[in-house]
Amino acid sequence: MVPLPKTLVLPDGTLIPGSVRRRCSISALGRLSNRPRTAVVLSGGEGVRLRPITSDLPKGLVKVGGKPLLQWVVEWLKANGVSNIVMGVAYLKEQIIDFFGDGARFGVKIQYSVHTVAGGTGEGFRLAISRYVDDQTFFALNGDQITDVRLKSMLARHVKSDALSTIAVIHPRLPFGLVKVDEHDYCRGFLEKPILKDLNISTGIYVFEHDILKHFPQTGDVERTAFPKLSKIGKVAAFRHRGSFITINSLRELEDAEKQLRSKTN
C-alpha cells in the first residue's frame, strides 16, 4: 500500500494535515439500508450579521452557551446516531478544520468538502455529496442551529413518503410583541412574542435521497431553487418538530440564545 502524504493540498491551496484526511471516503462504508449514519453539514457562510465577531472567526466557531455553535451540532448528531460527517466549509475554513480535525475527539469521523462562499448551499451540498456520499438516504443541514430534533423520528416520516427530501419545520416565534387593535383604533390586548401556530418555517435540517443531487444548482441556494421546484411535484415532505429550536444568525439571536441556554441550565 502506498503511504498517504502527511499533508493534502486542495485545489484552492488549502492544506489539510494527514491526521485529518481520509482517502477512504464515506462511500466506502457501503450503502445503509436501515438507519443512515451520514450527515452533510454546511458551515461556509461569512456570518455577516454576526460581525464584528465573525470578522476573523467563522460562524461555526462563535461560542454560544460556552462552546462553539458547530460543536453543538456535532454533539447532537452523535447523540442521534450519526457517526460520519461531511463538513462543507468555505469562509475561514482552516480554523474549522484545525478545531475539529478528523472528529475523533468528538467520537465521529469528519471529512471536509471545500466550496466557495458565493456558491451558496447549492454548491456546498452538491460538492460535498458528489465527493463523499454514496448512501442512498442521509441527513443534511445548515450548521447554525441548536435543537433537540429526533432524527430517528424524522427519518420515520421520510420513509413513509416518496419524497426526495424531508424538511424539519417548526412554528416560528415572533421576535416582537403583538397589539390587538379594534376597528375603532383602540388597543384591546397584547401578546408578547407569540408563537405563530398557523405558519411553519424550515429548521434547515433535512433528510435527502441521493437522487436529489441532480436537482441542485451549480450555484445559488437550494432553498430558493431546488426546493420550490420539487415541492410543486410533491417531492418535498415535512416533519413537524414541536421541541426546542434555536438558530443564530444575528447578534440579537446570539444574545437570545445565551439567555435560553442559561435558563435551561439554571
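**Salt bridges, a helix and a cavity**

Arg 51 is partly exposed, with a relative accessible area of 35%; here buried stands for under 20% relative accessible area, exposed for over 50%, and partly exposed for values in between, using a 1.4 Å probe and protein chains only. Before we go on, note that this is a predicted model, in which local features need pLDDT of at least 70, side-chain atom pairs count only at pLDDT 80 or more, and totals for chains, interfaces and linings use all residues. Residues are numbered from 1 along each chain as its sequence is written, and side-chain values use heavy atoms, with hydrogens and water left out.

Let's start with charge pairs. Side chains of opposite charge can pair when their charged atoms come close. Arg 51 does this with Glu 46: the two form a salt bridge whose closest N and O atoms are 3.7 Å apart. The term requires a side-chain nitrogen of Lys or Arg within 4 Å of a carboxyl oxygen of Asp or Glu. Glu 46 is partly exposed too, at 31% relative accessibility.

Now turn to Asp 144, which forms a salt bridge with Lys 59, with 3.1 Å between the closest N and O atoms. Asp 144 sits in the loop between β8 (137-142) and β9 (145-147), and Lys 59 in the loop between β3 (38-43) and β4 (63-64), so this pair ties together parts that are 85 residues apart in sequence. Strands here are DSSP runs of E with at least two residues, helices are runs of H or I with at least four, and both are numbered from the N terminus. Asp 144 counts as buried, at 17% relative accessibility, and so does Lys 59, at 15%.

A further salt bridge joins the side chains of Lys 67 and Glu 75, at 2.6 Å from N to O. Glu 75 is partly exposed, with a relative accessible area of 30%. In total, the structure holds seven salt bridges.

Next, look at helix α1, residues 69-79, where the buried residues include Leu 70, Val 73, Val 74 and Leu 77. An α-helix has 3.6 residues a turn, so residues three or four places apart point the same way. After α1 comes Gly 81, with a positive phi near 90 degrees.

Finally, what lines the largest cavity? The lining consists of Val 169, Ile 170, His 171, Asn 200, Arg 240, His 241 and Arg 242.

Technical notes: 1 Å grid on protein atoms, 1.4 Å probe; cavity = no way out; pocket = protein on both sides within 12 Å on 5 of 7 lines; lining within 4 Å.
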